[in-house]
Amino acid sequence: MGRRLAVRVPATTANLGSGFDCVGMAFDWYDELTVEVLENPGVVVEVTGEGAGQVPRDERHLVVSSILRGLDAFGVEPPGMRLTSHNTIPHSRGLGSSAAAIVAGLALAWGIAKPGEPLDPAVLTRLATDVEGHPDNAGAAAWGGAILAWSREGRVSLVQLPLPDDFEAVSFVPDVECSTDEARALLPAQVSRQDAVAQAVTAAVLPLALTLRPDLLFDATADRLHQQYRAPLMPESYDLMLRLRAAGVPAAISGAGPTVIAVGPAAQLAGALDVPADGFAVRRMRPAAGVTLTELP
């Protein structure tokens, strides 16, 4: 009783255009959480920053439900807890806020159940994928950097993609939200063979472009599978993405949107800041490490 654990978890982007549901990347934009183990049963939740006043303050809170799920997986009865969450990752903007909450909760469960043991990002990714359904954001939040991940028959596979030292990103975040479920519901059940072949080519090139050939990033981030179908939900974001690409910037809708993200070496992103982006909060970012867990005194 009285143990205190702290977690820091990064924002993430998924897809990067052609890497639909399988490519993710973590950035230096964080939520920070602490949990105190209490003598009395029950859960106390305090939230500041993004989502304060909107998210549940009980076991329905996504971090709390993820802690409970993790403790169950680790075979540990849940203690009383006080969770304090300071959120800076925008909610429902395509920057992985839900994945961050799930991974943070699982990391806290690990700290409660396995004191002194280093976090195992593979376990966190597998458990988070059980919740989210695909491992792109969750894998990036757990491992950090850029990842290529997929699940098959209940098994999650993940490859880390080493980025160049000068790799950066620019996010363009609008002041509107977008439901992931609503965005996914717009996707067609079938696409043309032409679009499928084009997507297969660009998706195959994307890991190479991220790691060794940044000159290919513009072509590798092209997409025909999801962004055009989601455009009616986020017309301003889709228009900004097209204008960035018209300026030669490797840009895509971040996750399910509506944030737009541009990625690449700093020199390749220079033109991104010259494209008018009224109504969007612009933030420069760097790739970041994955979730960290610390035992507090």
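The legends below describe close-up views of a predicted model. Local features need pLDDT of at least 70 and side-chain atom pairs count only at pLDDT 80 or more, while totals for chains, interfaces and linings use all residues. Residues are numbered from 1 along each chain as its sequence is written, and side-chain values use heavy atoms, with hydrogens and water left out.

**View 1. The largest pocket and its lining.** The volume of the largest pocket is about 730 Å³. A pocket is an open set of points on a 1 Å grid over the protein atoms alone, where a 1.4 Å probe fits, with protein on both sides within 12 Å along at least five of seven lines. Points are joined across faces, edges and corners, and the volume is the space filled by probe spheres set on them. The lining has 40 residues (an atom within 4 Å of a point), and Ser97, Ser98, Ala99, Glu132 and Thr180 lie nearest the centre. Elements giving two or more residues to this lining include strand S1 (4-15), strand S2 (19-38) and helix H2 (97-113); helices (H or I, at least four residues) and strands (E, at least two) are DSSP runs numbered from the N terminus. H2 gives the largest share, six residues. By type, 16 lining residues are nonpolar, 15 polar and nine charged, where Ala, Val, Leu, Ile, Met, Phe, Trp, Tyr, Cys and Pro count as nonpolar, Asp, Glu, Lys and Arg as charged, and the others, Gly among them, as polar.

View 2. S7 (167-174) and S10 are joined by six bridges, and Ser171 has Arg283 in S10 as its bridge partner.

**View 3. The hairpin of S5 and S6.** Strands S5 (146-152) and S6 (155-161) pair antiparallel over seven bridges. Leu148 is bridged to Val159 in S6. Two residues lie between the strands, and Glu153 takes a positive phi near 55 degrees.

**View 4. The aromatic pair of Phe74 and Trp110.** The structure holds one aromatic pair. The ring centres of Phe74 and Trp110 are 5.6 Å apart and the planes stand at 90 degrees, so the pair is edge-to-face. Rings of Phe, Tyr and Trp (its six-membered ring) pair if their centres lie within 6.5 Å; planes under 30 degrees apart are stacked, over 60 edge-to-face and the rest tilted.

Methods:
Pairing = 2+ DSSP bridges.
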